[in-house]
Amino acid sequence: MAIIPILILSGLLLPVGILLQIYLSKRGKWLGLILPTICLMFSLLIVCNLVVFTGNTSTVLTDGNGVVIGGQHNEHFATTAEVIGTVLPPFLLFNIPTVILLGIYGAARADVRKKDQLNKMSIQDLE
């Protein structure tokens, strides 16, 4: 039951985000990079959280009443390969929107450059 509002909200936000990216990309060179930068920062935040919490485990032993009777903390320093294997898939996954938004930015800027070139040619023809 809770999934339906999420799907409706996602279905509304996705086109709005795409239209906003197109609008910002056509308005200015730097404005079109705002949304991809936000997506990139979000993915970096997730990756930093993964790195911080990789390898540390804590176990708490309680009795039947919830009273703590013991605990153990294990700290494992991950190798570089383990960190890369842990970080790379989420980084790539969370950067899919970044790549899509950069593609929209590139296409919109190409249209703007094409129109600018046509305007320059028209002005030169009038001279």
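This is a predicted model: local features need pLDDT of at least 70, side-chain atom pairs count only at pLDDT 80 or more; totals for chains, interfaces and linings use all residues.
Biologist: How do you know that the length of helix α4 agrees with its residue count?

Modeller: Helix α4 covers residues 96–126, which is 31 residues. At 1.5 Å a residue, the span should be 45 Å. The end C-alpha atoms are 46 Å apart, so the two values agree.

Biologist: Which residues of α4 are buried, and what do they pack against?

Modeller: Thr98, Leu101, Ile104, Tyr105, Ala108, Arg109 and Val112 are the buried ones. They pack against α1 (3–27), α2 (34–52) and α3 (80–94).

Biologist: Why is Asn95 called buried?

Modeller: Its relative accessibility is 10%. Buried means under 20%, so Asn95 counts as buried. Asn95 sits in the loop between α3 and α4.

Biologist: What does Asn95 touch beyond four places in sequence?

Modeller: Cys39, Leu40 and Ser43. Take Ser43: Asn95 and Ser43 are 52 residues apart in sequence, yet their C-alpha atoms are 6.3 Å apart in space.

Biologist: Why is Leu33 called partly exposed?

Modeller: Leu33 has 24% relative accessibility. Buried needs under 20% and exposed needs over 50%. The value falls in between, so Leu33 counts as partly exposed.

Biologist: Where does Leu33 lie, and which residues does Leu33 touch?

Modeller: Leu33 is in the loop between α1 and α2. Leaving out residues up to four places away in sequence, Leu33 touches Leu102 and Tyr105. Tyr105 is one of the buried residues of α4. The C-alpha atoms of Leu33 and Gln21 are separated by 8.5 Å, with the two residues twelve apart along the chain.

Biologist: What makes Leu24, Leu35, Cys39, Leu101 and Ile104 a nonpolar core?

Modeller: A core needs buried nonpolar residues joined through side-chain atoms within 4.5 Å. These five residues form the largest such set. Both α2 and α4 give two or more residues to this core. In soluble globular proteins, nonpolar side chains tend to be buried together.

Biologist: What else does Ile104 touch?

Modeller: Ile18, Gln21 and Ile22, not counting residues up to four places away in sequence.

Note on methods. Residues are numbered from 1 along each chain as its sequence is written. Side-chain values use heavy atoms; hydrogens and water are left out. Helices (H or I, at least four residues) and strands (E, at least two) are DSSP runs, numbered from the N terminus. The expected span of a helix is 1.5 Å times one less than its number of residues. Buried means under 20% relative accessible area, exposed over 50%, partly exposed in between (1.4 Å probe, protein chains only). Contact means heavy atoms within 4.5 Å.
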